Amino acid sequence: MSISIPIFGNGNESVLYNPDELIDLFLNCTADGFAIVDMENRFIRINPVYTQIFGYTEEDVIGKRFDELPHSDLVKEIIEEVKQGKSFTNMITQCFHKDGTALDISVTYSPFRNSNGEMIAIIATYRDITHTILMEKELKRTRELYKLITENTTDMIKVYSKDYDILYASPSHEQRIGYTPEQLVGSSIFDLVFPEEMEDFKKMFQKIEETGESQVFQVKMKTSTNEIIHSETNISPIFNEKKEVESYVTVGRDITERVNNDAAFRNLDRLSIIGQLAAGVAHEIRNPLTSLKGFSKLLRSTANKEKNDQYLSIIMNELDRIDMIVNEFMSLAKPQAIHFEREQLISILDSTINVLHPQALLHGVEIKINYPTDHVEINCSLHQLKQVFVNFLKNAIEAMPKGGTVHINVEKVDRNRVMISFTDEGVGIEQERLNYLGTPFYTTKDKGIGLGLTVSNKIIQEHHGTMKIQSQIGVGTTVTVELDCL
């Protein structure tokens with residue numbers, strides 16, 4: 001006899017369903033696969049999700065014994081235990097699809113009893129967790145790989161919060177700066193940065209938040225013994241689900257040795273320039289010294305006050321010229337700290353020309369300039385930039401052993417960008433050799449040391465500029481530099 005059960009809808013009207021219809025409705029709508037097996041281990045019912053999971057249709061399984069399908073021996077043992085009244089909930093096991101594919105399944109086995117409490121069947125509930133298990137395995141493998149990398153890399157890897165508190169630090173920090181990860185976690189990233197660099201550091205974070213892009217920068221860090229190391233660091237933002245910066249990850253590399261080598265290269269290049277300029281400076285000083293000697297003798301031999309005043313004026317002018325030459329020469333010769341200040345570009349170029357004017361005279365080279373009418377200010381390290389311009393102008397002069405003209409052109413190419421070019425009428429450079437210019441110790445000169453362009457390019461990069469060299473055999477060479485201007 002079928003008994004109808006009233007089910008009340010949204011309008012409080014009742015709809016009658018018999019139990020069989022309700023079971024069908026449940027089995028067809030549930031997200032889990034269901035199978036009912038009788039006490040002889042024969043399938044008597046499956047739902048559509050079971051077919052989706054395992055590929056078996058009702059025609060494939062109804063009436064067949066449980067052990068006729070490719071289930072593991074463990075599952076068969078569990079079925080026998082369920083017959084003894086036990087239940088197994090959310091047990092993870094491996095089953096097989098009809099096509100032979102292995103599946104990770106979360107399964108619950110429960111005894112199915114009649115109204116008298118007698119077990120008449122077993123209900124199995126299946127949930128396919130193959131993808132979840134695969135993702136967990138992949139996540140675990142990825143975590144292990146990241147852990148292996150972070151624990152064995154020589155780079156300093158840190159993760160820190162939006163408030164700049166360190167959340168993770170790789171073990172490499174202990175070797176590089178003397179702090180263990182445990183000492184670093186919880187401290188602020190600014191505890192490791194020198195006070196004079198904090199402002200630039202904060203501006204860099206602001207740029208990351210505005211652009212959402214990773215940034216590479218150089219920073220000085222304090223070690224546990226208050227020593228200084230130079231770090232080249234890549235910092236990347238980590239976003240939350242709202243696309244907001246939630247934290248940061250940095251990978252820093254100790255480049256102290258490289259920075260020291262760069263400084264040594266620059267000093268070596270500067271000393272090389274000084275040595276090569278010495279002969280020209282000596283020649284330029286010898287001329288006013290000859291005048292000084294001659295007019296000093298004239299002063300002794302005449303009592304004419306008007307003549308004496310004239311001779312003294314000439315002597316003072318020659319002394320001023322010697323003083324200017326020596327000052328320019330010494331400004332290039334003495335070591336300089338790297339310090340960026342607001343400077344006049346034209347003044348730097350004029351000072352460069354004064355340094356090299358004696359050498360230009362010795363080679364019969366004329367220097368022609370073309371400057372813009374308005375002032376051009378740049379933020380730079382004065383002596384470093386002068387070293388770059390001296391390199392370019394000296395190279396241009398030496399490229400014309402029989403004389404010629406060097407053109408120095410300054411042009412604003414944008415509101416905040418200026419282009420400076422040095423063009424000679426020298427022998428030129430072969431195209432295949434242009435690719436090697438700027439490589440340390442590669443030179444086209446018989447007496448060169450091959451550091452000039454290497455050092456110059458490095459200095460220009462530190463000024464956020466670019467350098468380009470164009471040359472043609474028998475026509476000449478042009479070196480073009482672009483820099484930010486104020």
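**View 1. Q94 stands opposite D104 of strand 6.** Welcome to a predicted model, in which local features need pLDDT of at least 70 and side-chain atom pairs count only at pLDDT 80 or more, while totals for chains, interfaces and linings use all residues. Residues are numbered from 1 along each chain as its sequence is written, and side-chain values use heavy atoms, with hydrogens and water left out. Strand 6 covers residues 102–113 and pairs with strand 5 in the antiparallel sense over seven bridges. Strands here are DSSP runs of E of at least two residues, numbered from the N terminus, and two of them pair if DSSP finds at least two bridges between them.

**View 2. The largest cavity has a volume of about 80 Å³.** A search of the whole structure finds two cavities of 30 Å³ or more. A cavity is a set of points, on a 1 Å grid over the protein atoms alone, where a 1.4 Å probe fits but cannot get out; lining residues have an atom within 4 Å of a point. Volume means the space filled by probe spheres set on the points, which are joined across faces, edges and corners.

**View 3. Strand 10 gives the most to the lining of the largest cavity, with three residues.** Strand 8 (156–161) and strand 10 (215–222) are the elements giving two or more residues to this lining. Among the lining residues are K158, Y160, F217, V219 and M221.

Technical notes:
Helices (H or I, at least four residues) and strands (E, at least two) are DSSP runs, numbered from the N terminus. On a 1 Å grid over the protein atoms alone, a cavity is a set of points where a 1.4 Å probe fits but cannot get out, and a pocket is an open set with protein on both sides within 12 Å along at least five of seven lines; lining residues have an atom within 4 Å of a point.
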